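Please open the model in your viewer and keep the selection tool at hand. This tour goes from one selection to the next and says what is found at each.

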Amino acid sequence: MENKNRILVVDDNDSIRKLLQKMLEKLGYEIETASDGFEALSKLVFDIDLILLDIFMPGMDGFEVVKTIRKQAATRNIPIIMVTGLSSREDRIRAVELGANDFISKPVDMTELKARTASLLKMKKAQDDLNRHRRVLEKILERRTLALRESMQEVVKAKRQVQNAHMETIHRLVIAAEFKDTGTATHIKRMSQFSAMLATLRNLSPTEVEIILHASPMHDIGKIGTPEEILLKPGKLNKPEWNLIQQHPVIGSQILSDSSSLLLQTGELIAISHHEKWDGSGYPFGLEKEGIPLSGRICAIADVFDALTNIRPYKKAYSNEHALKIMEKAAGTHFDPQLFTLFTDNMKQVEDIQKKYGVAA
Ligand SMILES: [Fe+2]
Ligand SMILES: [Fe+2]
């Protein structure tokens, strides 16, 4: 069944109201009627497509009705034709300013009524179609945005999984090297925390600190290539043995080389430079001062401090005070003096890390 347009006729004069109703029904519309402004507003719940509105009515007049209808979002777009008797030009202007769309004079002429209602209903239909279309588009946009957000979350999740797998692989490799060297994996836990602590104190960005935290455990990864009998030898090493040990930075950097991952690149840099010394007497290249990568200088302090404060095959565990005393002498020769001061100035943090990750290995 065809949906008929519904027109609300508002007039306090019974005979005019009835006449208009009859004429409009003849034109094929469904009609609601109201005899004053308040009744007119209460009839708007019936999906009204057009209003024929008398101006002068007792109580709420036509102007007030237009004003109220235009104020509310739900009714704002209903076209209104003012049905005027002897209204002045000023009244008409006022009605337009308040939001009336058209006028029709009493006595109402059928042809004129037909033309005016048809044109405004056409406009209303176009407006309704446009609104419907906009709502459909908004829904589509909403659905697409949701789908996009969901797939973005999936991508982030997948990326995190790959990253975790990546980190775990590195971690397992590092533990393999560490077990061979010290028989435990606690050294790398503590030294990486000391390294991150120093990186923070040196004002590196949180991302750089994070990278140092995860890359520093790779410093001795090259010891995978060093014979165990040398690594675990309790006594002093002879020259050939010492030469072999000194290969581990190069072996480590070779294991980690040519990676596109910033983490492995930093690991490579740390592996190759953590035995360089501030005065140029380190190995493998004899780099000096700022010529040694910052990450390598940081790890040198963290690594030596933790080695001194823990048992090794060739030595007992020293107290923090004793270890610092030994290292103090090497600040400016072995260690970056500024970094070393940062370390000794923050022994409370160092002790907290030791408590958390165990002191003696
Ligand atoms: Fe090393
Ligand atoms: Fe180490």
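Is the crossing of α3 and α4 right-handed or left-handed? To find out, select helix α3, residues 62–71, together with helix α4, residues 89–98, and bear in mind throughout that this is a predicted model. The crossing of α3 and α4 is right-handed.

Stay with this pair for a moment. Two packed helices are described by the angle between their axes and the distance between the axes. For α3 and α4 the angle is about 15 degrees and the axes are 9 Å apart; angles under 35 degrees count as roughly parallel, so α3 is described as roughly parallel to α4. Now show the side chains of Phe63, Val66, Lys67 and Arg70 in α3, which meet Arg94, Ala95 and Leu98 in α4. By class, the residues of this contact divide into 4 nonpolar, no polar and 3 charged.

Next, zoom out to the whole protein, which has 15 helices and 5 strands. Its radius of gyration is 43 Å, well over the 21 Å that the globule rule gives for 361 residues, and therefore the protein is more spread out than a compact globule. Along the principal axes, the C-alpha atoms fill a box of roughly 125 × 40 × 35 Å, and 31% of the 361 residues count as buried.

For a second pair of helices, select α12, residues 294–308, and α13, residues 320–330, whose axes come within 9 Å and cross at roughly 135 degrees. That angle makes α12 oblique to α13, and the crossing of these two helices is right-handed. Here Val304, Phe305 and Leu308 in α12 meet Ala323, Ile326 and Met327 in α13, and this contact has 6 nonpolar, no polar and no charged residues.

Turn now to the loops, beginning with the one between β5 (102–105) and α5 (110–182), where Pro107 lies. The peptide bond from Lys106 to Pro107 is cis, with omega near -5 degrees. Another cis peptide bond runs from Tyr283 to Pro284, with omega near 10 degrees, and Pro284 lies in the loop between α11 (262–273) and α12.

Lys289 is partly exposed, with 14 other C-beta atoms within 10 Å.

Finish at Asp47, in the loop between α2 (37–42) and β3 (50–54). Asp47 is not a glycine, yet its phi is positive, at about 45 degrees, and with 11 C-beta neighbours inside 10 Å it counts as exposed.

Methods
Residues numbered from 1 in each chain as written. Chains lettered and ligands numbered in written order. Predicted model: local features only at pLDDT ≥ 70, side-chain atom pairs only at ≥ 80, totals over all residues. Helix = DSSP H or I, 4+ residues; strand = E, 2+ residues; numbered from the N terminus. Rg over C-alpha atoms; globule rule 2.2 N^0.38 Å. Buried ≥ 20, exposed ≤ 12 C-beta atoms within 10 Å, placed from the backbone. Axes fitted to C-alpha atoms, helices over the stretch in contact; angles between N-to-C directions. Parallel < 35°, antiparallel > 145°, perpendicular 65-115°, else oblique. Left-handed = near helix turned anticlockwise from the far one by under 90°. Contact = placed C-beta atoms within 7 Å. Nonpolar A, V, L, I, M, F, W, Y, C, P; charged D, E, K, R; others polar.
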